[in-house]
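Me: Could you go through this structure with me? I'd like to hear about the ligand site first and then a few other places.

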Amino acid sequence: MKISIIKLLPLAIILLSSLAIYSCKPGKVGSKLDADAAQKVYVAPGKYDEVYAFLSGGFSGQVAAYGIPSGRLLKVIPVFSQNPENGYGYSEETKPMLNTSHGFVPWDDSHHPELSKTNGEDDGRWLFINGNNTPRIARINLATFKTDEIIELPNIGGNHASPFCTENTEYVVGNTRFSEPLDFEKGDVPINSYKKTFKGAVSFVKVDKGTGSMNLSFQLIVPPFNYDLAHAGKGVSHDWLFFTCYNTEEANTLLEVNASQRDKDFIMAINWKKAEELIRQGKGVKTPVKYAHNVYNEKTHTASSQIESGTLTLDVTKYPGLVYYMPCPKSPHGVDVAPDGEYIAASGKLAAVIPVFSYKKMLTAIDKKDYDGMIDGTLPVLKYESVLHGEVKQPGLGPLHTEFDGKGYAYTTMFVSSEVVKWKIDNLQIIDRIPSYYSPGHLSIVGGDSKKPYGKYLLSLNKITKDRYLPTGPELPQACQLIDISGEKMKLLLDFPTIGEPHYGQMIPADKILKNQVKFFKIEDNKNAYVTRAEKDSKVVRTGNRVDVYMTAIRSHLAPDNIEGIKMGDEVYVHVTNLEQDWDVPHGFAIKGANNAELLIMPGETSSLKWTPDRSGIFPFYCTDFCSALHQEMQGYFRVSPAGADTPLKFSIGVNPVTQ
Ligand code: K7E
Ligand code: CUA
């Protein structure tokens, strides 16, 4: 059916203006604060926080780790964006992490941190996160807080519904936000051929149980909808994955209007065990695609990037029993599976209710072929009433995301009416609501998407902070609000601004992370190609116009510290090994005029800075991290001579006396 845009525009305007009306401020700011709130978030100096929160940076491309309940920022972990603070993506060792099939892409948009799971519980080993823009999945090692691996995903555009772990991290999965022609098919097509030529693809990235190493196992080719979010089943629903779809209208322009026509879009349910079995039987079709796979090696402290080719694809329309659709009101966004795996809550951005589906009923409906039509001829749509556990009525406006406390309650963010709503899973009654300042996107409960939520704290991740903090020019921060959910009533405890836009966060009790912490790297295990294990071995080596400086750093000198004989036209690589063998003694390294960021070298590690001098003269270098009382003495000089000069190559420390 064709509906003209002109007819729809007034509807859109009414809809939008009603959103504008409702996004006014809730309640009186701060009026909900209990007298003991300060005490509950006060972590005395010298004491550890109880919980780690890992929040995505959104358009910063990074992840930030916070301590909860204090809200103290602990660290920004660089993932998809270069980070001058520690040379990530600037050093020779880490540049390969940002390689893609498009070349070096030093930025991305990261939305969903996902903790690795064992038996459906957060195990504290790894944190996965999606790169939305140039589709990638990264794996952060929570023993070192470093990004260890990034895998690019072919055939998709906008890796938004990603990365979500199956119950034992057998796979991390992701699906495409923007359907597009598959990489191996002709891409140069008219945009309005969307319905015919565009496709979606669900990526299954296998995760090695021991090492965490990722590999793109296969992709399912699915209808060209926009896929927004996902969650894996658990317990009873272990074998299934649930994805929200919007734009089931398959519009290719003015989605604001054209993708909001239908009363219901879908939750797509995929039997991933069945898909895995079909792949095992050799049903996968090998398709010629190229994607980057970047791995950081902890022994060499060096990343390498490989362009992989080929992946297996499976067209879901050819395999009955693999995919079913559950109708879901009004442009669903989040889909969240309760701890027992039985209930599946979906949030329609424009819906007036929160539908909660029953896994058991879904199975029965599949059994009875209780269909309400087919998609693409072979993919059954199950009847809404047959799969529905029930609807949460009048929850508020603009439901986005739900998490669980493990005590039978669910909590949903309301973007438009700016609140968090607590409801009971079995009878769908609303128990409590608390204003959120303002417009929350995701929320996060400690273990809130796992089989065993720890409850206690809830973070509301807020998009808008107008009037909450001191103004900072045209751009104001996004923020978190910490809410105590240990009692029947939710209680606001604290709010704090964040780095970037935290779309989503995951929280985990600190002891699960603490026990694995690496404090320094053993120098004898350092297998970097340019390691210098002792100061006496430091040296400078010329090979044509390439100069390699093998430098060591230890409190409080860099060796060598007088280097002469560099010439214009040389490419200089300074490989700094930090000889310290103690916790928290990084050294930094920077050179005047280098078109690069500094290095920040962890104890026992080697990092390399590339420098092409642009003029002759003297160039100081120094340690950038205040490492000791004599940190300011930790410095040296390069002498750069003109191209044809006969300055001999010389390097030394402590033996180049000042001439009279
Ligand atoms: Cu709701 Cu990208 Cu998960 Cu933002 S997404 S809010
Ligand atoms: Cu080393 Cu400052």
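Reply: What follows is a short walk through a predicted model, taken one topic at a time.

Me: OK, which residues surround ligand 1?

Reply: Ligand 1 has around it the histidines H111, H112, H160, H333, H401, H442 and H503, together with L229, G441 and K463.

Me: And how does that shell split by class?

Reply: Eight residues of the shell around ligand 1 count as polar, while one is nonpolar and one is charged.

Me: Changing topic, where does K283 sit?

Reply: K283 belongs to the loop that links helix α5, residues 272–280, with strand β17, residues 285–297.

Me: Is K283 buried, exposed or partly exposed?

Reply: K283 counts as partly exposed because its relative accessibility is 34%, and the range for that class runs between 20% and 50%.

Me: What does K283 touch, leaving out residues up to four places away in sequence?

Reply: On that basis K283 touches L278, T313, L314 and Y319. As for L314, its C-alpha is 7.1 Å from that of K283 in space, although the two residues are 31 apart in sequence.

Me: Which side chain makes a polar contact with that of K283?

Reply: The side chain of Q281 does, and the polar contact between Q281 and K283 is 3.1 Å.

Me: Now strand β15, how many of its residues are buried?

Reply: Strand β15 covers residues 240–246, and seven of its seven residues are buried.

Me: Which residues lie on each side of β15?

Reply: One side carries W240, F242, T244 and Y246, the other carries L241, F243 and C245, and both faces are covered.

Me: How does β15 pair with β16, and over how many bridges?

Reply: Strand β16, residues 264–271, pairs with β15 over six bridges, again in the antiparallel sense. Here T244 stands opposite I267 of β16.

Me: Last topic, cysteines: how many disulfides does a search of the whole structure find?

Reply: The search finds zero disulfides.

Me: Are C480 and C627 buried or exposed?

Reply: C480 is buried, since its relative accessible area is 0%. C627, with a relative accessible area of 15%, is buried too, because the class takes in values under 20%.

Methods
Residues numbered from 1 in each chain as written. Chains lettered and ligands numbered in written order. Predicted model: local features only at pLDDT ≥ 70, side-chain atom pairs only at ≥ 80, totals over all residues. Heavy atoms only, no water. Near = heavy atom within 4 Å. Nonpolar A, V, L, I, M, F, W, Y, C, P; charged D, E, K, R; others polar. Helix = DSSP H or I, 4+ residues; strand = E, 2+ residues; numbered from the N terminus. Buried < 20%, exposed > 50% of the residue type's maximum accessible area, 1.4 Å probe, protein only. Contact = heavy atoms within 4.5 Å. Polar contact = N/O pair within 3.5 Å; in protein donor to acceptor, adjacent residues only side chain to side chain. Pairing = 2+ DSSP bridges. Disulfide = S-S within 2.5 Å.
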